[in-house]
Amino acid sequence: DAKDLAFAQGLELVEDEGLLEEASGLVEYPVTLMGKFDEEFLSVPPEVIITSIKKHQKCFSVKDQESGKLANHFILVSNLIAEDGGKEIVSGNERVIAARLSDAKFFWDTDRKTKLETFAEKLDEVTFHAKLGSLADKVKRFTILAEKIADITGAEKAQVREAAKLCKADLLSDMVGEFADLQGLMGHYYALHEGKSEDVAEAISTHYAPLGPGDEVPKNSVAICVALADKLDTLIGFWSIEEKPTGSKDPYALRRAALGVIRIIVENDLRLDLMALLQDHGANFEGHDPNETTRLLFAFIAAHLNMKLSE
């Protein structure tokens, strides 16, 4: 119904399986209706609009059929056939969405007044883990590791250093504070706004990838270095404090990080001495035997590599 409603207006539904499941579970008698919002909000990145109306109102976004750009309309799912054709329901949703998008535009305008470097300076106020220090400590560690990986891959070291230092900065922005799912992506937009290179901006947005089996891995050489360094630092850090995943629990998503490392290396056909990198980086964690930690961690990654190859 939503697809048909959008098509009739020369629009195309932005499909979202997760939202479809959620909306289906919220209503017993689904009726699709279309509303709209002020075009001025289209100056905000499309991902922000999509996330905002999804999070606050469980509504679907639509885009123009010809240009593929986000349109200033949305589709909601009512639980009944209203006597007025849904006018009051649509009006109510339009008011709420206008308020939420107004907030999002305020965050967008405000965040761009602060440089990523300024946000990054505040990372020392955010604890990564009680035994592993602040986010600033983590960034400092994996920036050095990213530069070493750049020596192997041939990536531009200055860009790798810049991307690594800024990749977590948007966590302190108002936008990511409101929409955590946009971390990395907003850093990408803010980096381009400041005139950073495309390679640096892409590295900021993709260094978390892959988050799941369906996600693409970073392909840009700068992004590869930052993504690998971040994940390897996480793995060896938690291994060094004996916070390893068990058969039933993996609270720090270490298996995902290990599989991410494997996919980035394999799918980009990289050749590097992973054991040497792990041993060298393990020396950054005081009070722990880097060699023993590395041997155990390498065995863990190797086991996941065998599992991946067997698939």
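How many disulfides does the structure hold? It holds 0 disulfides, a disulfide being a pair of cysteine sulfur atoms within 2.5 Å. C167 is in none, and its nearest cysteine sulfur belongs to C225. The sulfur of C225 is too far from that of C167 for a bond, because 12 Å separates the two.

This is a predicted model, where local features need pLDDT of at least 70, side-chain atom pairs count only at pLDDT 80 or more, and totals for chains, interfaces and linings use all residues. Residues are numbered from 1 along each chain as its sequence is written, and side-chain values use heavy atoms, without hydrogens and water.

Buried means under 20% relative accessible area, exposed over 50%, partly exposed in between (1.4 Å probe, protein chains only).

| Residue | Relative accessibility | Class |
|---|---|---|
| C167 | 0% | buried |
| C225 | 0% | buried |

Buried residues make up 44% of the chain's 311 residues.

Next comes the interior. A nonpolar core is a set of buried Ala, Val, Leu, Ile, Met, Phe, Trp, Tyr and Cys residues joined through side-chain atoms within 4.5 Å. The largest has 78 residues, of which M175 and L235 touch the most other members. Helix 11 (residues 221–240) gives this core its largest share, 13 residues. Another core lies apart from it, with 11 residues, including A2 and I75.

Contact means heavy atoms within 4.5 Å. Beyond its neighbours within four places in sequence, M175 is in contact with residues including V48, W108 and Y190.

The C-alpha trace spans about 70 × 45 × 35 Å along its principal axes.

Key: Helix = DSSP H or I, 4+ residues; strand = E, 2+ residues; numbered from the N terminus.
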